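Student: Please take a close look at the ligand site and describe its contacts with care. After that, I would like to know how the parts of the chain around and beyond it are arranged.

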Amino acid sequence: MKTINILAISGSLRPNSSNNAIINVMAGMAPGNVIITTYQSLATLPHFNPDLDNDMPPTSVTAFRTQLKNADAVLICTPEYAFGVPGSLKNALDWTVSSSDFVDKPVALITASSQGGHAHTSLLLTLGAISAKIDDNAKLLISFIRSKVNSAGQITDPELLKELQKVLAALISSV
Ligand SMILES: Cc1cc2nc3c(=O)[nH]c(=O)nc-3n(C[C@H](O)[C@H](O)[C@H](O)COP(=O)(O)O)c2cc1C
């Protein structure tokens, strides 16, 4: 069976993040031919600057774009901050506008937050602007996330586990 590489991007920089926990749980439930790797350098990507977005962009930006190019699909899992998208995540997406790395790329968007609706809607707009391919079943808004993940990073809500399975299946089938 063909190997499918999924690049996961967490919008939370906290080591004990519930969004990181969701990515780890999804990596654990993935079929044997599906590899989910988490992007590790969100915190150190430079701030987006169109004047640096030229033939010689910062090395870390080139590395990020290469990981996106090499991925068959992308899983974004993020909280909402102050009714918006976490700045570090939006910053990373801004670096991909000119490089077109998301054009027709299968993407799953999970917004896991206390509420999260504003960030979810806003991210869907941004992902539309960069022409990402998102199946309806690959979009999931999870509110009250802290009550559904325990301190060991396990999902304690059986319904949520089923929903995560559905998102992963939709993402895999859109590759
Ligand atoms: C500064 C700050 C602002 C926040 N603003 C929002 C918000 O606007 N909407 C929301 O749903 N949650 C908000 N939260 C709560 C986060 O969604 C919650 O802490 C979530 O668990 C963070 O995700 P993580 O566990 O993956 O880090 C905020 C948290 C912080 C620290």
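Tutor: An oxygen atom of the ligand lies 3.3 Å from a polar backbone atom of Ser 114, which is within the limit for a polar contact (a pair of N or O atoms within 3.5 Å; within protein, one must be able to donate a hydrogen and the other to accept it, and residues adjacent in sequence count only if both atoms are side-chain atoms). A ligand oxygen is also 2.6 Å from a polar backbone atom of Gln 115, while for Asn 19 a polar side-chain atom is placed 2.8 Å from an oxygen of the ligand. Taken on its own, the ligand has 620 Å² of accessible area, of which the protein covers 71%; such areas come from the Shrake-Rupley method with a 1.4 Å probe, and for residues only the protein chains shown count as cover.

The model is predicted, so local features need pLDDT of at least 70 and side-chain atom pairs count only at pLDDT 80 or more, whereas totals for chains, interfaces and linings use all residues. Residues are numbered from 1 along each chain as its sequence is written, and side-chain values use heavy atoms, with hydrogens and water left out.

The shell around the ligand holds 16 residues, and the closest are Ser 12, Ser 17, Ser 18, Ser 113 and Gln 115; a residue is near if one of its heavy atoms lies within 4 Å of the molecule. By class, this shell has five nonpolar, eight polar and three charged residues, where Ala, Val, Leu, Ile, Met, Phe, Trp, Tyr, Cys and Pro count as nonpolar, Asp, Glu, Lys and Arg as charged, and the others, Gly among them, as polar.

Ser 12, which is one of the closest residues, belongs to the loop between strand E1 and helix H1 (18–29); helices (H or I, at least four residues) and strands (E, at least two) are DSSP runs numbered from the N terminus. With a relative accessible area of 7%, Ser 12 is buried, on a scale where buried means under 20%, exposed over 50% and partly exposed in between (1.4 Å probe, protein chains only). Its side chain makes a polar contact of 3.4 Å with the side chain of Ser 17, another of the closest residues to the ligand.

E1 runs parallel to strand E2 (residues 34–38), to which five bridges join it; strands pair if DSSP finds at least two bridges between them. Within this pairing, Ile 4 has Val 34 of E2 as its bridge partner. In a regular strand the side chains alternate between the two faces of the sheet.

Turning to the charged side chains, the model contains six salt bridges, each being a side-chain nitrogen of Lys or Arg within 4 Å of a carboxyl oxygen of Asp or Glu. In one of them, Lys 90 meets Asp 94 with 2.8 Å from N to O, and because these two residues are four apart in helix H3 (residues 87–94), about one helical turn separates them. Lys 90 itself is partly exposed, at 31% relative accessible area.

Finally, Thr 126 is part of helix H4 (residues 117–129) and counts as buried at 16%. Its C-alpha atom is 23 Å from that of Ala 169, which lies 43 residues away along the chain.
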